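Student: Could we go through this structure together, one question at a time?
Tutor: Gladly, let's have a look.

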Amino acid sequence: MRIEDSVALVTGAGRGLGRALAHGLVERGARIVYGAARDPAAVTERGVVPVTLDITDPGSVARVAEQCRDADLLVNNAGVMTFSPLIGAPTLDGARLEMQTNYFATLAMCRAFAPVLAANGGGALVNVLSIVSWFTNPVNGTYGASKAAEWAMTNGIRIELAAQGTLVVAVHAGFIDTDMAARIDAPKISPADVAGQVLDAVEAGQIEVLADERTRQVKASLSRDHELIYPAVQARWDTDHPMRPGGQPGGADGAPE
Ligand SMILES: NC(=O)c1ccc[n+]([C@@H]2O[C@H](COP(=O)([O-])OP(=O)(O)OC[C@H]3O[C@@H](n4cnc5c(N)ncnc54)[C@H](OP(=O)(O)O)[C@@H]3O)[C@@H](O)[C@H]2O)c1
């Protein structure tokens, strides 16, 4: 689809990748860019219309679907990561928050906006997933599970929405240089780079974005994941991971991705 003259809604637009996506949409000539955030005062990007949205609140989602009923491009960018191991986390709170936000709330946004996109000619829907949609690192094991669920959901809605002409784009990336990955000391791709690739994909009608080399490698290794991916993850966890029971602060980085 053409971004020029489109009407786009980006969730989590107050910072990080969402802010870069909103900026890119304005730069490419979108007619309206709604920038959604729990605190609309955080949406300060020039040319972006602030919208109040908590994606986990069904009333808020319904209100925004009504307010933005002219949208033909939805970017589900909002997400959370709590750095919770599956067994080692003290409670299920992180797992619940991530599944609630990254899976259930994003699915609720897709359901609320499917008829809006249909009414506006089909348009496009983008879900921001992760490299850990495809493998689990215990450092953020509960987050990986939520992103795997979101990936499965994205593949299903693509099939369901094909008849109404909606392009469904899955975005996978390793570390992006935002608040979410701030505590990680590893190479990161810039939010502007990822945003540019996402918008290129929308304009090209491409269903998947593999934003960096590590993400492309992991996707290509999936049929041999227990040979090519998991031994290194296990070794990092076993060596001296600070989040492993008994692990030392400042030990191996454990790259959570
Ligand atoms: N950073 C990475 O390394 C990385 C890698 C791969 C994929 N991703 C994915 O990229 C997306 C953007 O993340 P980011 O890196 O930009 O992280 P970020 O800087 O932590 O930003 C997360 C955004 O999501 C919003 N959000 C969280 N819960 C929300 C809710 N219930 N309702 C509405 N907005 C909510 C936040 O809003 P508030 O400001 O109100 O908290 C914030 O704008 C996420 O889906 C993330 O999983 C990130």
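Tutor: A residue is buried if 20 or more other C-beta atoms lie within 10 Å of its own, exposed if 12 or fewer, and partly exposed in between, with C-beta atoms placed from the backbone. Helices (H or I, at least four residues) and strands (E, at least two) are DSSP runs, numbered from the N terminus. This is a predicted model, where local features need pLDDT of at least 70 and side-chain atom pairs count only at pLDDT 80 or more, while totals for chains, interfaces and linings use all residues. Residues are numbered from 1 along each chain as its sequence is written.

Student: What span should helix 4 have at 1.5 Å a residue?
Tutor: The expected span of a helix is 1.5 Å times one less than its number of residues. Helix 4 covers residues 141-161, which is 21 residues.

Student: Which strands are included in what covers the buried residues of helix 4?
Tutor: The buried residues of helix 4 include G141, Y143, K147 and L161. Contact here means that two C-beta atoms, placed from the backbone, lie within 7 Å. The cover includes helix 3 (93-119), and also strand 5 (124-128) and strand 6 (167-172).

Student: Which residues of strand 1 point the other way from V7, L9 and T11?
Tutor: In a regular strand the side chains alternate between the two faces of the sheet. In strand 1 (residues 7-11), five of its five residues are buried. V7, L9 and T11 point one way, and the other way point A8 and V10.

Student: Which residue in strand 2 stands opposite V7?
Tutor: Two strands pair if DSSP finds at least two bridges between them. Strand 1 and strand 2 (residues 32-37) run parallel and are joined by five bridges. Opposite V7 stands I32.

Student: Is P40 buried or partly exposed?
Tutor: P40 lies in the loop between strand 2 and strand 3 (48-52). Its contacts, not counting residues up to four places away in sequence, are P50, V51 and T52. Because P40 has 16 C-beta neighbours inside 10 Å, it counts as partly exposed.

Student: How far apart in space are P40 and T52, C-alpha to C-alpha?
Tutor: In sequence, P40 and T52 are twelve residues apart. In space, their C-alpha to C-alpha distance is 5.3 Å.
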